[in-house]
Amino acid sequence: KGIERELICPACKELFTHPLILPCQHNVCHKCVKEILFAFEDAFADGGSESSNQSSPRIRISASSMDRIDRINRSASQRRSFGCRGRKRNSLTPRSTLFPCPGCQRDIDLGERGINGLFRNFTLETIVERYRQAARAAIAIMCDFCKPPPQESTKSCMDCSASYCNECFKIHHPWGTVKAQHEYVGPTTNFRPKILMCPEHEMERVNMYCEICRRPVCHLCKLGGGHANHRVTTMSTAYKTLKEKLSKDIEYLISKESQVKAHITQLDLLLKETECNSERAKQEASQSFEKLYHVLEEKKSAALRAIETSKNIRLEKLQTQVEEYQGLLENNGLVGYAQEVLKETDPSCFVQTAKQLHVRIQKATESLKSFRPAAETTFEDFVVDTAKQEDILGDLSFHSNGLEIPEINEEQSRMYNKALICWECPGKTDSADIYVLEYHKLNREDESVTWQKTEVCGKSKLLSDLDDDSSYAFRVRGYKGSICSPWSREVILRTPPAPVFSFLFDDKCGYNNEHLQLNPRRTSVESRAGFPLLLGSERLQVGCYTTLDYIIGDTGIAKGKHFWAFRVEAYSYLVKVGVVPSNKIQKLFHNTHDVTSPRYEQDSGHDSGSEDAFFDSSQPCTLVTLGMKKFFIPATPAAPKDPASRILPLPSCLGICLDCDKGRVGFYDAGHMKCLYECEVDCSGIMYPAFALMGGAAVHLEEAVTAKYREYHDDI
């Protein structure tokens, strides 16, 4: 009776009937396999799985299985969209080859032959039949050939697949005939073939065992089939080896029966301990919330008392003021009293009374001239600001020391056309199931902070709803179930000052392919000093005068404000970057005395290219000089006179912001979005990004941030 659960089909939850062995080594009834596959095909054809589930009441498909049905239907629809036609419902065999195993909950590929490529588990059938016979020992198996009423069978012929009583067996298996040689056993309803045949080569019996696929195969499978390159062994060897292993494992399990019982006892204790600990955790959580309720109730009572007290004081003041003004009315109060005093004829008595009365009359007169209520009616000072407390309560959750605090990686994070925020765990282990990234715009005017929240399954997030020229604060935390880690350190990143302008290097307009080399994507340019430079300097005895090699972008800017970024290799000797108007491009490429290299200039006072940084009105474009890991601020009247103060370290990424409407161009440290230098520029024509290189140098345009950017760089 204890083995009954081993004989139950995971699909229909009944005893196996003609079980098939799946590639994952689980067993499923032959009928169940067909019904599941037919259900999938019906679900695809009908656009849903509800009708197919009703048409197969024998099979019980769980919610997780239905999710897999939808997934398989989508894959099947993709296959059919490439020209595969469907199959009618009345086919004997379903065409789908992807089967969701109800045992291991995985999608199993049945191969090209589908169900026809699966072995029937005759051993399991025999065990199920013995179990059924033991369960219905009182029910006899009747003879299949007796005239009514049939007699109880005494034999079953394995060749005829039928049961016989003694008389019928003699009639149908006469002595001296071929049938007399048939194999017969005791009464049974389980008839299995004598020889296991190959499902792929139906006329061949299996005589080998594939150790790779762990299934019996025939010699044709090994010679030219799917197992040609697999390691196989003889069936007798596999039988002996597997039987020895199974016997040893069974003996081991039987010998460890006491240990298994001890483990069961321990697990029972753990179950009870889990129940107790969960109740204790509930009580502690309830107590914590009760404390919060108590604090809130006290604060609520104190706030209501303060409002009530202020109300009473204000009402009292206003009521007193009302009574004073009512006294001014004729024949009532102060006016009536004053009129009675005026009737006094004795001067001394009148003066004695009128002096005090006159003071009160003057106060009343002044109050009429400048009326002001004695108390405010609004209660703006009693508004309770709970914004911060609401944020804190919103973050209230189970904190655990087991989850590591993630850290935002500022080097991998990028703020360009979109924001790519990357983070990692210090221990390099992904212990959290999901991460929550929060961010908000830094605004000095707005005191209240509203965090925007987004859930992320990985360790990076692409954001596209950020404003230009703004600073944002980011933080992240990990969640594992209901447990969360503390927030990471807040990181402040700044967006570009303008929308990102995309372009490529122009390989046609003025491009000198003898000195410059573009990559196939036209996103990188490199200057190469070859034989032309050596031949040109051969005739020079003093100094070495060379020209810059210019290259521009393939797209121009007519209006608006735009930003683009690029990287200059650290080994670059001399690079100039900036903008050039369309009406001066021809002059740019035909100017033969653009620059003189100061490295070999005899009157140069230092070993840098800072002399090139002086702006000249005769120059056709606006450029700044870079090189030797330095950024040179141009020498202008507003610039510092000390040359050393105009030399800055070269940022890892530079940016240029062109505002055509205001006629200004700015040069930025694109890593921190910090402006290094800004000047006016003539934007009367279409403006193009311009670059100039000399000696060994290279410039790489910054790539736009896309959804695949993170995956691409991770692969690199």
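This is a predicted model: local features need pLDDT of at least 70, side-chain atom pairs count only at pLDDT 80 or more; totals for chains, interfaces and linings use all residues.
R522 is placed in the loop between β22 (516–518) and β23 (524–527), and its phi is positive, about 60°, although R522 is not a glycine.

A positive phi is also found at K629, where the angle is near 65° in a residue other than glycine. K629 sits in the loop between β27 (622–627) and β28 (630–632), and with a relative accessible area of 52% K629 is exposed.

## A cis peptide bond and a buried loop residue

The peptide bond that joins P148 and P149 is cis, with omega at about -5°. P149 belongs to the loop between α4 and β6 (155–157), and α4 itself, residues 122–135, is among the elements that supply at least two residues to the lining of the largest pocket.

Another loop residue, L548, is located between α12 (531–538) and β24 (549–552). L548 is buried, its relative accessible area being 6%, and although L548 and V575 are 27 residues apart in sequence, their C-alpha atoms are 8.7 Å apart in space.

## Salt bridges between strands

Side chains of opposite charge can pair when their charged atoms come close. In this model the count comes to 19 salt bridges, and one of them joins the side chains of K453 and E438, with a distance of 3.9 Å from N to O. Because K453 lies in strand β17 (residues 452–456) and E438 in strand β16 (residues 434–441), this pair ties together parts that are 15 residues apart in sequence.

## A strand-to-loop pair and a network

The side chains of R494 and D469 meet in a salt bridge with an N to O distance of 2.7 Å. This pair links distant parts of the chain, 25 residues apart, with R494 in strand β21 (residues 491–494) and D469 in the loop between β18 (460–463) and β19 (471–480). R494 counts as partly exposed at 29% relative accessibility, and D469 is likewise partly exposed, with a relative accessible area of 38%.

## The largest pocket

Rolling a probe the size of a water molecule over the atoms shows where empty space is left. The largest pocket in this model has a volume of about 1900 Å³. It is lined by 48 residues, of which I21, Q25, N121, T123 and L242 are the closest to its centre.

By residue class, the lining of the largest pocket divides into 26 nonpolar, 11 polar and 11 charged residues. At least two lining residues are supplied by each of β5 (119–120), α4 (122–135), β10 (215–217) and α7 (235–255), and the largest share, 11 residues, comes from α7.

## A nonpolar surface patch

On the surface, F289, L292, Y293, L296, L393 and L396 form a nonpolar patch, and together they have about 570 Å² of accessible area. Helix α8 (residues 257–326) provides the largest share of this patch, with four residues.

L393, one of the members of the patch, lies in helix α11 (residues 387–394). At 46% relative accessibility L393 counts as partly exposed, and this value meets the requirement for patch members, because they need over 30% relative accessible area.

Notes
Residues are numbered from 1 along each chain as its sequence is written. Side-chain values use heavy atoms; hydrogens and water are left out. Patches are made of residues with over 30% relative accessible area and no salt bridge: like charges are joined within 9 Å, nonpolar side chains (Val, Leu, Ile, Met, Phe, Trp, Tyr) within 5 Å. Accessible areas come from the Shrake-Rupley method with a 1.4 Å probe; for residues, only the protein chains shown count as cover. A salt bridge is a side-chain nitrogen of Lys or Arg within 4 Å of a carboxyl oxygen of Asp or Glu. Buried means under 20% relative accessible area, exposed over 50%, partly exposed in between (1.4 Å probe, protein chains only). On a 1 Å grid over the protein atoms alone, a cavity is a set of points where a 1.4 Å probe fits but cannot get out, and a pocket is an open set with protein on both sides within 12 Å along at least five of seven lines; lining residues have an atom within 4 Å of a point. Grid points are joined across faces, edges and corners, and a volume is the space filled by probe spheres set on the points. Ala, Val, Leu, Ile, Met, Phe, Trp, Tyr, Cys and Pro count as nonpolar, Asp, Glu, Lys and Arg as charged, and the others, Gly among them, as polar.
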